[in-house]
Structures are given as structure tokens and as C-alpha cells.
Amino acid sequence: MGYYSKYIDRMDIHIEEGRGTILIKQKWRYSWLNSMNTSRWTYSEKQKFHKEVDNLIWNSWGEHFFLKVRGSSDFAKRNTKKRWDVNFDIEWVTYAEHWKVNVTKYPSNQVGIITSSVKWNLKEITLDTLDTRKRKIPIGGNNYHQYPVAHEFGHAAGNSIFATRGMHGDEYRSSSPYIRDRNSIMNAGMELRDRHLDYLIRQLNTMITNSSFSIY
Amino acid sequence: MKIYLILLLASIFACKENSTKINTSNKTIYKQKTAIQDSLKIKENMLLKKNDAIKTFGNPIKQKKILLSDLYGEFSGNIYYKYSEQERQSNSIYIEEITWEKDSVNYITIWYEIKKRELTPKAYLIWDKQSEF
């Protein structure tokens, strides 16, 4: 039973054979910014924000995907029957980060959307304090709900048109083949789809020779 | 006599110093005002009529006509909250979303409300070419 790790620019990937788990870990270095009429960030506010981010990502992305492994390697053979869990963890760091995360504090009564974004190539995420709140998105008579930070994390987890050739990103754009799948987390909802793990499976499949992971 | 002379000179210097201070602070206020006005001017100018935007940025790289109720997501935030929820759900407001290449780093998207064939600029977003929302 072994422990396999891969360290790439935007995340660390750990395969723990004994427990049958795969952990995707990203290190985020925050820059704490303020909009007008807001007080400076206190340490407890920073901690609270990070905790909310980490919990939202863990709860919305974790314990959902289950993988199997096949192949001619000893590793694949001895794990044929195993169902692998995939979990996601965000670590707050002050150096050696995967992602630079700019977070702007807005007044709690702020109305409207402050545009958040991810720049895959620059390893940069732009968030604000409204992104950890559930947002109602009414479309065509139906209401959808989304935690914006869980959507933005999706980009950082590889759902980015810049990640690799042919990769998918925002699904609410008219150019997306998934525009009608409004419950999807990369669209207006919070539901995960197998395709949201495409990039990570590609990465996993480079870690152990002759071992190929796929959705269980 | 000497004492009076010293006092007189001291008061003259004090007045000069005060007036310099006042002038300097006025200059600072003036500079600040100008800076605010300039930034407002830049913001106003970005909400361009379609013809002016074409003159400024050239031909659009993308444009589409869409129902306001079908516009959602982080990208459309600036236009979304220009309307009440009732207006957004009315299925009667059409928007023209037009994107230009602003410069080597950024795109600019301007949203126009379509009313009687007239396009009224309502909101815009300048966004980095490498951004996803």
C-alpha cells in the first residue's frame, strides 16, 4: 500500500492507497482588499472568510466523485475493486502559493454582483466577500442557487478553456455545449457533473504507470 | 524698538507661512478634484453608443441579441442589476451584448437595451482576455 503525490503549478495531488482516497490540495495566498466604506480586515475576519471558503469547497466538491482504476500495473491490479473518494482542500499560505487570491471586502448590505474571476494562466483568483453567500439566479421562471466561490473554484480545478486544449469552462456562455444544463455548478447551479473532473483525471493518469483512473 | 522690529518681522513671516500653507492645501484639493473628475470622465466615456464604440475600438469581435432574463452569471453582473427583478423576469426586454478588443490585454463588453430599434448603452465590463467568470 503506497502513497503517491504529484506537485503541479496549480495544485498538489495525493493518492492514498490504504484509505482509497485522492486529495486535491490547493495553496491560496490571499491579498486582503477593501471597497469604499469598509473597515480594514481583522485577523478574525480573514480566518472566518477562509474557513467559509474551505468548507464550501470541501462540501460542494468533496465526497461526490468516485473513481476506479484499471491497467496492467501491480497498483491497478491490487486495487481493481476499490472505489476511490476524491476530496478537495484549500490551505491558506503566506508564501509558496499555487494561487494568488485577491479578496475584496464589501459592506454586508451591498446590492448587486461584483464580478469575480479566475485567470488560469496567471494563477490568479479574484473574489469578494459576497462570494461565500448563496446567490439566487432566476432564469426563465425557475430559481437556481449557487455559492459563487464554489463555481470559481471549478475553474481553478481545471474547468478552464485555458487549462488544456479542448477543456471546458463557463457553461452559461452561449458558446458552451452545456448551456441548457443550468443546474450544473459551472452554469447557474451547484450540481457536479463527471465532466468537471476531466482535467484532474488527466493529471491522475500521469501519476502511476499503466494505471488509468476513470469515473466509478 | 528692536523688540518691536523683531515682533513685526516675526508676524510678517508667520502670515507668509500661513498663506503658503493655504495655497498648498488648495492645490492639493484642486488636484484631488481633478483626479476624481478625470476618473468619472473615463467611466462615462466607456458607456459608448454603438457607433462611437465602433469608431473607438473598430469592428466588434462578438455580438448577440438576448432576452434580459437569459443573461446571468458573474460575467453579466453589471447589466443584471440595472433592472428590477420584475423587469428581469418580464421576458420583454431585449439586450444587445457587444464585445470589442479594447487593447492587447483587455476586451470591453457593452450591453445595450433594444427599444424601438434604438440601442441604449446600459452597462459595460472591461475584462482581461485571460479571465473566466
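Predicted model: local features only at pLDDT ≥ 70, side-chain atom pairs only at ≥ 80, totals over all residues.

Colleague: Fine, in what order do the strands of the open sheet in chain B come?

Modeller: The order is β1-β2-β3-β4, with antiparallel pairing throughout those four strands, and the twist from one strand to the next averages 20 degrees.

Colleague: And which strands stand at the edges?

Modeller: Those are β1 (62–67) and β4 (118–128) of chain B, and because each has a single partner strand, one side of each is left without a neighbour in the sheet. The partner of β4(B) is β3 (residues 106–115) of chain B, joined to β4(B) by ten bridges, and within this pairing Thr109(B) has Leu125(B) as its bridge partner.

Colleague: What lies across the sheet strands?

Modeller: Helix α2 (residues 50–57) of chain B lies across β1, β2, β3 and β4 of chain B, and runs at about 15 degrees to β2(B).

Colleague: Switching to the interface, how much area is buried between chain B and chain A?

Modeller: About 2,400 Å² is buried, with carbon and sulfur atoms giving 46% of it. On the chain B side, Tyr72(B), Glu74(B) and Glu132(B) supply 36% of what that chain buries against chain A, more than any other three residues.

Colleague: How many salt bridges does the rule find across it?

Modeller: It finds four, one of them between Lys119(A) and Asp128(B), whose closest N and O atoms are 3.4 Å apart.

Colleague: Which residue is the bridge partner of Val118(A) in β5(B)?

Modeller: That is Glu132(B), in an antiparallel pairing where two bridges join β7 (residues 117–119) of chain A to β5(B).

Note on methods. Residues numbered from 1 in each chain as written. Chains lettered and ligands numbered in written order. Heavy atoms only, no water. Pairing = 2+ DSSP bridges. Axes fitted to C-alpha atoms, helices over the stretch in contact; angles between N-to-C directions. Contact = heavy atoms within 4.5 Å. Buried area = accessible area lost by both parts, 1.4 Å probe. Salt bridge = Lys/Arg side-chain N within 4 Å of Asp/Glu carboxyl O.
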